Amino acid sequence: MGQHRVASPLGRLCVAFFFVDYLLKYRNYLLFERSLAANSIEAYTSDVSQFLEFLEQQDTTPVNCCLLDLQNYLLLLHEMGIQPRSQARIMSSLRSFFRFLIVSGVRDDNPTELLQQPAVSKHLPTVLTLEEIERIEQSIDLSHPQGHRNLAIIETLYGSGLRVSELINLKLSNIYFDQGYMRVEGKGSKQRLVPLSEVSVDKIRMWMLDRNELVIKPHNEDFLFLNRRGAQLTRVMVFTIVKQLAQAAVIEKNISPHTFRHSFATHLLEGGASLRAIQQMLGHESIITTQIYTHLDVEFLRQEILLRHPRNRKDYLK
């Protein structure tokens, strides 16, 4: 089934009304026909709402989306760090939503029936080299209205190891430029102080010059990163930005915003930082979680042994 593109402003407006209208109808369907509890209805509609946001980013609708769209969304969930159990719940919500669309006469097929949830990869996290990160940053067109914003996003993700949820919720009132750190709210609303590099501060200040030109929507004034309409960025939008920049930089690795967090931690470890320090900066509750970053390259370990082990010292070998 082909996708229906909705690039025009009028088309986008129609799609927005379509999404709102069918989300309300779906909620009523769950309440009156499925007789679900309030908590279940909230969970289902929240899952579907985020899926509709993804479809809007892809310029398509629930009427026209196909199996490939669902597979791409599932891949997005995985790369955003969504756990398998949560992925299963989300796909259950989407199956219910497409059944509702069939009952409503909007579709005559349910693409989720052909969807197989992929097993979560057991491979070690993908890590970018410093050269690859610099290529990504150099691929950014700074003459573009969002150029300095995108550069600041990449530098903040890599320079401080933030989760994408922490990035989009980062507030100006929690950034202390002169002191070189920021207050970040992580999982479970736990706050931590994260250092800001001079490079990150410089890129954020450059973005602030462009940000000051935006007409900012009410209640969004304190968010650091905004879209072109002056509203808070979404997780999906950050994912899209990273994918587009990686493509522009001809990065063949399959990366996501979380890849910069992996790279941040790995490069710190390779540079001699302790696991305990990395744990605190990443906001891991247990150091066991941080130990995944001990997956150093074999050649790096070999070079470390050659350099540091006393048996390999030149004065010993003479």
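## Second largest pocket

The second largest pocket has a lining of 36 residues, and those nearest its centre are E56, Q57, V236, M237 and T240. Its volume, the space filled by probe spheres set on grid points joined across faces, edges and corners, is about 1300 Å³. A pocket here is an open set of points on a 1 Å grid over the protein atoms alone, where a 1.4 Å probe fits, with protein on both sides within 12 Å along at least five of seven lines; lining residues have an atom within 4 Å of a point.

Two or more lining residues come from each of α1 (9–33), α2 (38–57), α3 (67–79), α6 (147–160) and α9 (235–248). Helix α9 gives the largest share, eight residues. The lining divides into 13 nonpolar, 13 polar and 10 charged residues. Nonpolar covers Ala, Val, Leu, Ile, Met, Phe, Trp, Tyr, Cys and Pro; charged covers Asp, Glu, Lys and Arg; the others, Gly among them, are polar.

## Basis of the model

The model is predicted, with local features needing pLDDT of at least 70 and side-chain atom pairs counted only at pLDDT 80 or more, while totals for chains, interfaces and linings use all residues. Residues are numbered from 1 along each chain as its sequence is written, and side-chain values use heavy atoms, without hydrogens and water.

Helices are DSSP runs (H or I, at least four residues), numbered from the N terminus.

## Packing of α6 with α8

Helix α6 and helix α8 (residues 198–211) cross at roughly 155 degrees, and their axes come within 8 Å. Axes are lines fitted to C-alpha atoms over the stretch in contact, and angles run from 0 to 180 degrees between N-to-C directions. The two helices, α6 and α8, are therefore roughly antiparallel, a term for angles over 145 degrees.

The crossing of α6 and α8 is left-handed, meaning that the near helix is turned anticlockwise from the far one by less than a right angle; clockwise is right-handed. Contact (heavy atoms within 4.5 Å) involves, among others, L151, A152 and E155 of α6 and I204, M206 and W207 of α8. The contact residues are six nonpolar, four polar and four charged.

## Packing of α5

Helix α5 packs against α6 at about 160 degrees, with the axes 10 Å apart, and the crossing is right-handed. In this contact L130, I133, I136 and E137 of α5 meet L151, I154, E155 and Y158 of α6; six are nonpolar, none polar and two charged.

Helix α5 (residues 130–138) also packs against α10 (residues 257–270), at about 140 degrees with axes 11 Å apart. Here L130, I133 and I136 of α5 meet F260, S263 and H267 of α10.

Methods. Parallel < 35°, antiparallel > 145°, perpendicular 65-115°, else oblique.
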